[in-house]
Amino acid sequence: EVKGPHCIVSNAGSPECNGTYVLNGSRDGVSCYKHTERDMYVLRATVMFVRAWWISLYKSGPNDTNDYYCNASTGKEPPEIGWALNMYTMGSQPMPQLVFKKS
């Protein structure tokens with residue numbers, strides 16, 4: 001069982017995004033979360049002057065990513081609803097569901 005803040009992503013059309021993400025430092029002034037099995041992250045970042053949450057694969061590092069899904073929320077915790085695709089994302093339908101657990 002996972003202890004501490006974490007998120008569970010499910011039902012994503014890009015199955016590599018599904019799974020449990022655990023607290024892994026911070027980015028953009030808020031906590032970010034790393035997949036327990038691969039270099040996928042749920043994180044908030046500002047891209048092209050727009051702050052949003054992302055589900056992304058780190059390739060060589062935080063500035064070299066494959067972004068799968070985006071969420072326009074600017075909140076301090078990963079948003080549970082509102083995940084979408086845009087011109088920067090490579091995810092597939094259906095959109096993921098995210099559950100955030102504080103402990």
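Biologist: Asp28 has its place in the loop between β2 and β3. What makes Asp28 count as partly exposed?

Modeller: First, a word on the model: it is a predicted one, where local features need pLDDT of at least 70, side-chain atom pairs count only at pLDDT 80 or more, and totals for chains, interfaces and linings use all residues. Residues are numbered from 1 along each chain as its sequence is written, and side-chain values use heavy atoms, with hydrogens and water left out. Now to your residue: buried means under 20% relative accessible area, exposed means over 50%, and partly exposed is in between, with a 1.4 Å probe and protein chains only. Asp28 has 25% relative accessibility, so it counts as partly exposed.

Biologist: And why does Pro15 count as exposed?

Modeller: Pro15 is in the loop between β1 and β2. Its relative accessibility is 53%, and because exposed means over 50%, Pro15 counts as exposed.

Biologist: Is Asn11 buried, exposed or partly exposed, and how do you know?

Modeller: Asn11 also belongs to the loop between β1 and β2. Its relative accessible area is 46%, so it is partly exposed.

Biologist: How do you know how many helices and strands the chain has?

Modeller: Helices (H or I, at least four residues) and strands (E, at least two) are DSSP runs, numbered from the N terminus. By that rule the chain comes to 0 helices and 7 strands, and its pattern along the sequence is β-β-β-β-β-β-β.

Biologist: How do you know whether the radius of gyration agrees with a compact globule?

Modeller: The radius is taken over C-alpha atoms, and the globule rule is 2.2 Å times the number of residues to the power 0.38. For 103 residues a compact globule would be near 13 Å, and the chain has 12 Å, so the two agree. Buried residues make up 38% of the 103.

Biologist: What makes a set of residues a nonpolar core?

Modeller: The members are buried Ala, Val, Leu, Ile, Met, Phe, Trp, Tyr and Cys residues, joined through side-chain atoms within 4.5 Å. The largest nonpolar core has 16 residues, and those touching the most other members are Cys7, Cys17, Tyr21, Val42, Ile55, Tyr69 and Leu98. Strands that each supply at least two residues of this core include β1 (6–10), β5 (50–61) and β7 (97–101). A second, separate core has 8 residues, among them Cys32, Tyr41, Tyr58 and Cys70.

Biologist: Which residues is Leu98 in contact with, leaving aside its neighbours within four places in sequence?

Modeller: Contact means heavy atoms within 4.5 Å. With those neighbours left aside, the contacts of Leu98 include Cys7, Val42, Pro78 and Trp83.

Biologist: Where does Lys34 lie?

Modeller: Lys34 lies in strand β3. Leaving aside neighbours within four places in sequence, Lys34 is in contact with residues including Thr20, Tyr21, Asp39 and Tyr41. Lys34 and Cys7 are 27 residues apart in sequence, and their C-alpha atoms are 9.2 Å apart in space.
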